[in-house]
Amino acid sequence: MQPQQNHRWLRWPSDPSRSRLAFGADYNPEQWPRHIWDADVRAMQVAGVNIVSLGIFSWARIQPQVDVWDFGWLDEIMDLLHAHGIAVDLATATASPPPWLTTMHPEILPVDGDGRTIWPGARQHWRPTSPIFRLHALRLTRALAERYRDHPALTAWHVNNELGGDNAYDYSDDAATAFRDWLRRRYGTLDALNRAWATTFWSQQYSDWAQILPPRRATTHLNPTQQLDFKRFSSDALKDHLRAERSVLYEVTPDIAVTTNFMVMGWSKALNYADWAAEVDFVANDHYTTPGPQAHDELSFSANLTSNLAGGRPWYLMEHSTSALNWQPINVAKGPGEMARDSLTHVAHGADAVCFFQWRQSAAGAEKYHSAMLPHAGVDSTIFRAVTDLGATLRDLAEVAGTTRRPSGAAIVFDWESWWTAEHDAHPSDRLRYRQEALDWYTAFLELGIRADVVPVDAPLHRYGLLVAPILHVVPGALADRLRGYVADGGHLVTTYFSGIVDEHDHVWLDGYPGALRDLLGIRIEEFAPLSDEQSVELDNGTVGTLWTDRVDVKDPATEVLARYRQGGQTGRPAITRRAVGSGSAAYVSTRLGPAGLTVVLADLAQRAGIDSELPPDLRGRVELAVRGPYWFLINRTGQPLDISNVDGERLGSGTAVLAPRGVAVLRRATVPGTAHE
């Protein structure tokens with residue numbers, strides 16, 4: 001059954017006659033005595049909360065035994081929330097199996113690549129391919145759907161929670177059976193599989209499907225195509241579980257929108273969300289910042305990518321933090337203004353909901369030190385006052401709800417399969433980090449004040465004048481054709497080291513690197529030259545490269561050398577090239593330059609492509625610009641106040657012509673025709 005793209009959710013949270021941004025959190029009332037619930041809903045009203053996600057980890061409370069159900073407490077809290085004008089995004093509660101289920105059926109527990117059982121005691125201890133788990137999960141889903149199908153508080157369904165966050169890769173016998181079935185559908189015959197997996201290497205030819213296993217622990221490097229296919233399969237297996245729960249919900253409650261929370265953020269790469277986006281009625285995402293100098297750039301990058309997964313339509317920030325986390329080595333509290341800035345950056349990139357984990361900070365359990373909207377200190381606290389201020393700000397921005405994000409003139413291509421494959425073992429360097437390279441280019445765009453979209457590789461590319469495809473390692477023939485067509489039609493492509501190297505089976509394109517892109521770029525590379533941690537290389541444009549170099553030979557007279565490596569004080573071999581193709585071009589960067597070096601290179605390439613900043617010169621690099629319909633979001637990237645009086649537009653909410661440190665201003669400007677996502 002295909003998802004219904006009716007977008008009821010744009011009427012968030014409960015009143016179709018009013019446009020407003022949703023504001024709330026995960027709410028776990030089962031952790032608290034009944035009298036706390038009344039205090040909670042009163043405090044929610046003070047803060048401006050209008051939606052909560054409920055029941056996410058409540059399976060054991062809802063179904064304490066296999067044939068015993070307890071809905072009384074959930075009925076009561078649903079009624080209480082509705083009475084106070086708070087809508088409910090109701091979870092199917094299948095994320096964490098209860099002890100009675102794992103005791104009765106230990107065969108639902110995942111198995112790691114070493115053959116060890118992943119035991120209960122935390123969460124997500126279930127196999128995505130377990131028929132027994134699926135049976136019980138769908139039984140629970142149906143029971144919830146039938147009970148609350150007509151409840152006035154119900155505004156959306158929340159399938160499971162962070163699917164694949166802790167159980168993305170299962171190597172059990174159930175997984176082996178499902179993997180073989182997946183491979184049969186993909187390849188049809190063993191001969192086709194043997195060719196794709198290059199099983200003539202190391203005597204791996206299969207003569208029976210039953211011989212094929214997941215890539216469990218082996219003596220040395222595993223078959224790389226087997227690894228890639230297992231990643232594809234694992235993403236599909238969890239997607240199939242999403243579809244199974246969704247089908248029950250559509251059957252029982254066809255008019256209620258269904259979503260699940262993605263995890264588009266720094267370290268989470270197991271699921272191909274570009275492939276998942278069409279499976280939900282609206283895209284939802286969880287995001288937690290990674291410490292470091294690019295922490296806020298990464299947040300913006302992830303929100304930007306989430307928006308483009310949603311096709312530019314508004315989406316839902318399901319979880320982020322008010323302050324400190326609990327699962328990093330050192331969990332630092334957010335500084336003044338950071339929570340509001342983080343929240344509004346998501347809104348700037350298309351979020352119509354700002355929600356947190358969680359409403360009330362837990363007094364016990366593994367996440368008791370994770371910050372919340374209502375902290376241990378209670379309502380008389382800096383965090384709660386900041387939360388209340390944010391709620392007021394979101395009310396002031398109500399008119400932004402429902403507007404679409406305006407596409408940029410430039411884009412960064414993001415490809416999950418290149419991410420997976422470029423970081424496989426047995427490669428020229430194990431230091432390569434796909435997402436970091438993409439983020440460095442994004443930071444360079446921000447430093448130049450240029451808006452750039454982050455788009456999945458299958459997105460329409462011709463709308464962009466400048467397209468950066470960093471470490472686009474996996475390039476099937478059809479993608480190579482698309483990129484050639486893009487350049488031939490006047491587009492300006494930029495790609496980097498370790499791009500164009502393999503096809504969809506992880507087979508090297510022969511006759512020299514960068515393989516599928518070699519002729520388009522007008523260069524040829526015979527051998528990679530990765531660098532050790534202590535090595536660096538100087539370029540004659542003043543930048544410094546690390547991690548990687550290529551010995552580039554220019555093969556086409558139309559290919560210009562934009563920068564060369566310095567060797568012993570002398571200018572040497574090409575480092576950055578650009579081949580003109582009619583009114584388009586294809587450029588290549590052969591080393592890792594980091595944000596500072598890429599800013600230098602990108603300034604030149606953007607100028608050649610006719611791409612410029614929309615910001616006044618004095619704000620470029622200091623302010624991030626994001627645009628939704630007629631609304632300009634100006635996000636202060638610095639710790640200093642900035643004068644924004646030279647940016648035209650009517651200021652929404654309170655504020656002056658000075659943008660506070662880490663502040664966000666929203667300006668209503670004249671609508672530019674023809675700029676919204678279609």
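**Entry 1. The second largest cavity**

I began with helix 8 (residues 224–252), which gives four residues, the largest share, to the lining of the second largest cavity. I note here that the model is a predicted one. I then listed the residues that line this cavity: Pro128, Thr129, Ala168, Asp170, Ala175, Phe230, Phe233, Ser234 and Ala237. By class, I recorded six nonpolar residues, two polar and one charged. The space in the second largest cavity comes to about 50 Å³.

**Entry 2. The largest cavity**

I next asked how many cavities of 30 Å³ or more the structure holds. I found three. For the largest cavity I noted a volume of about 90 Å³. Its lining is made up of 15 residues, and those nearest the centre are Asn304, His349, Arg451, Ala452 and Leu625.

Which element gives the most to this lining? I found that strand 21 does, with four residues. Helix 14 (434–448) and strand 21 (623–628) each contribute at least two residues to the lining of the largest cavity. I counted the lining by class as eight nonpolar, three polar and four charged residues.

**Entry 3. The largest pocket**

I turned from cavities to pockets. The volume of the largest pocket is about 900 Å³. I looked up its lining and found 37 residues, with Phe57, Ala122, Arg123, Ala366 and Glu367 nearest the centre.

At least two lining residues of the largest pocket come from each of helix 2 (59–62) and helix 4 (99–104). Helix 2 provides the largest share, which is three residues. I sorted the lining of the largest pocket into 16 nonpolar, 14 polar and seven charged residues.

**Entry 4. The second largest pocket**

I recorded about 750 Å³ of space in the second largest pocket. This pocket has 35 lining residues, of which Gly337, Ala340, Arg341, Asp389 and Thr393 are nearest its centre. Two or more residues of the lining come from each of helix 11 (338–348), helix 12 (382–396), strand 25 (658–659) and strand 26 (664–668).

I asked which element gives the most to the lining of the second largest pocket. Helix 12 does, with eight residues. By class, the lining of the second largest pocket has 17 nonpolar, 11 polar and seven charged residues.

I looked up the strand order of an open sheet of nine strands and wrote it down as 5-4-3-2-1-9-8-7-6, with parallel pairing. Which strands are at its edges? They are strand 5 (257–259) and strand 6 (261–262), each of which pairs on one side only.

Strand 2 (residues 51–54) and strand 3 (residues 87–91) are joined by four bridges in the parallel sense. I noted that Ser53 has Asp89 of strand 3 as its bridge partner.

**Entry 5. Helix 3**

I compared the span of helix 3 (residues 72–83) with its expected value. The helix has 12 residues, and the distance from its first C-alpha to its last is 17 Å, close to the 16 Å expected at 1.5 Å a residue.

Which residues of helix 3 are buried? I listed Trp73, Leu74, Asp75, Ile77, Met78, Leu80 and Leu81. To read such a list, I recalled that an α-helix has 3.6 residues a turn, so residues three or four places apart point the same way. Just after helix 3, I found Gly85 with a positive phi of about 75 degrees.

I closed with strand 12 (residues 466–469). Leu466 and Val468 point one way from this strand, whereas Leu467 and Ala469 point the other way. Are these residues buried or exposed? I found that all are buried.

On one pairing, I noted that strand 10 (residues 410–414) runs parallel to strand 12 and is joined to it by three bridges. Ala411 has Leu467 of strand 12 as its bridge partner. I then recorded that strand 12 also pairs with strand 13 (residues 492–496), in the parallel sense and over four bridges. Here the bridge partner of Ala469 is Thr495 of strand 13.

Finally, I followed the chain from strand 12 to strand 13. The path passes through helix 15 (residues 477–488), and this β-α-β crossover is right-handed.

Conventions:
Residues numbered from 1 in each chain as written. Predicted model: local features only at pLDDT ≥ 70, side-chain atom pairs only at ≥ 80, totals over all residues. Heavy atoms only, no water. 1 Å grid on protein atoms, 1.4 Å probe; cavity = no way out; pocket = protein on both sides within 12 Å on 5 of 7 lines; lining within 4 Å. Points joined across faces, edges and corners; volume = space filled by probe spheres on them. Nonpolar A, V, L, I, M, F, W, Y, C, P; charged D, E, K, R; others polar. Buried < 20%, exposed > 50% of the residue type's maximum accessible area, 1.4 Å probe, protein only. Pairing = 2+ DSSP bridges. Right-handed = clockwise from strand over helix to strand, strands pointing away. Expected span 1.5 Å × (residues − 1).
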